[in-house]
Amino acid sequence: MLESIYDLTPKEIREHDIQLILTDLDNTLIAWNNPNGTPQLREWLALMDEAQIPVVVVTNNSAKRVARALKELQLPFISRALKPLNRGINIAKKEYRVNSSQIVLVGDQLLTDVAAANNARIKSILVKPLVNTDAWNTKFNRAVEKSVKKQLLKKGYLKRTWGHSLNG
Ligand SMILES: [Mg+2]
C-alpha cells in the first residue's frame with residue numbers, strides 16, 4: 001500500500017526485480033476529473049523513462065476514452081482490460097515478454113485492480129485514490145470495497161496506513 005504511484009522509485013523497482021509497471025488510469029495516474037495529469041506525474045514518468053522501466057496503462061475504459069486521456073502523456077495502454085479478470089494483464093505479459101514475477105500492477109481499487117493482479121498471479125500495489133470523489137460508475141464499487149476493506153483490516157491483510165516506500 002502506497003500513498004501514491006509517485007512514491008515508486010526506479011531504485012526500489014529494481015530492488016524488487018520488477019521490469020514492467022502496469023497501472024490503472026483513473027484516480028491512480030490521473031484524477032478522473034483532471035485528465036491532463038499533473039507536473040508531478042510528468043516528472044515521475046520521465047524518471048521511469050530514464051531508468052528504462054516501461055509504464056503501461058491497463059484500463060477497463062474504451063480505447064477512445066483512453067487515447068483521449070493519454071494524448072498528452074503518450075503512454076502505451078491496453079483498453080477494455082476487463083479487470084478484475086486478467087485479460088489486460090495477460091496481453092501486457094505477452095507483449096513485453098516478462099515473467100509474472102517481474103510485473104507489478106498499481107491501482108486504486110481492490111475489487112478491480114488488486115483482484116485482477118491476484119487473478120493473473122502478479123504483484124500489486126494499492127494506492128490511495130488521487131481524489132476523493134469518483135466517476136458515477138465507480139461509486140457502486142467503492143461502496144462494496146468499503147465493506148471488503150473492513151473485513152481485510154480485521155483479518156490483518158491490509159495495513160492501516162499508506163506507505164511511501166516498498167520497503168517500509
Ligand atoms: Mg481507478
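Buried means a relative accessible area under 20%. This cut-off is used in the legends below, which describe close-up views of a predicted model.

Figure 1. Leu25 is a buried residue in the loop between β1 and α2. The relative accessibility of Leu25 is 0%, so this residue counts as buried. The loop that holds Leu25 runs between β1 (20-23) and α2 (39-50). When neighbours within four places in sequence are set aside, the contacts of Leu25 are Ile30, Val57, Thr59, Asn61, Arg65, Val66, Ala69 and Leu70. Asn27 has a positive phi in the loop between β1 and α2. The phi of Asn27 is near 70°, a positive value in a residue other than glycine. Most residues other than glycine have a negative phi. Asn27 is found in the loop between β1 and α2. With a relative accessibility of 2%, Asn27 counts as buried because buried means under 20%.

**Figure 2. Strand β1 pairs with β2 and with β4.** The open sheet is formed by five strands in the order β3-β2-β1-β4-β5, with parallel pairing. The edges of the sheet are β3 (77-78) and β5 (123-126); each has a single partner strand, so one side of each is left without a neighbour in the sheet. Strand β1 is joined to β2 (residues 55-58) by three bridges, and the two strands run parallel. Four bridges link β1 to β4, again in the parallel sense. Thr23 stands opposite Val57 on the β2 side, and its bridge partner in β4 is Val106. Within β1, Leu20 and Leu22 point one way, whereas Ile21 and Thr23 point the other way. All four of these residues are buried.

**Figure 3. Helices α4 and α5 lie across strands of the sheet.** Helix α4 (residues 87-96) lies across β1, β2, β3 and β4 (103-107). The angle between α4 and β1 is about 155°. Helix α5 lies across β4 and β5, and runs at about 160° to β5. The buried residues of α5 (residues 110-119) are Leu110, Thr112, Asp113, Val114, Ala116 and Ala117.

Figure 4. The place of Arg121 is in the loop between α5 and β5. Its phi is near 55°, a positive value in a residue other than glycine.

**Figure 5. A cis peptide bond joins Lys83 and Pro84.** The omega angle of this bond is about 15°. Most peptide bonds are trans. Pro84 lies in the loop between β3 and α4.

**Figure 6. The second largest pocket is lined by 14 residues.** The volume of this pocket is about 310 Å³. Of the lining residues, Met1, Ser124, Ile125, Leu126 and Lys159 lie nearest the centre of the pocket. Helix α5 and strand β5 each supply at least two residues of the lining. By residue class, the lining divides into nine nonpolar, four polar and one charged.

**Figure 7. Asn167 is found in the segment after α6 (136-155).** Residues up to four places away in sequence are not counted in this view; beyond them, Asn167 touches Glu12, Glu15 and His16. Asn167 and Asn99 are 68 residues apart in sequence, and their C-alpha atoms are 22 Å apart in space.

Note on methods: Residues numbered from 1 in each chain as written. Predicted model: local features only at pLDDT ≥ 70, side-chain atom pairs only at ≥ 80, totals over all residues. Heavy atoms only, no water. Buried < 20%, exposed > 50% of the residue type's maximum accessible area, 1.4 Å probe, protein only. Contact = heavy atoms within 4.5 Å. Pairing = 2+ DSSP bridges. Axes fitted to C-alpha atoms, helices over the stretch in contact; angles between N-to-C directions. 1 Å grid on protein atoms, 1.4 Å probe; cavity = no way out; pocket = protein on both sides within 12 Å on 5 of 7 lines; lining within 4 Å. Points joined across faces, edges and corners; volume = space filled by probe spheres on them. Nonpolar A, V, L, I, M, F, W, Y, C, P; charged D, E, K, R; others polar.
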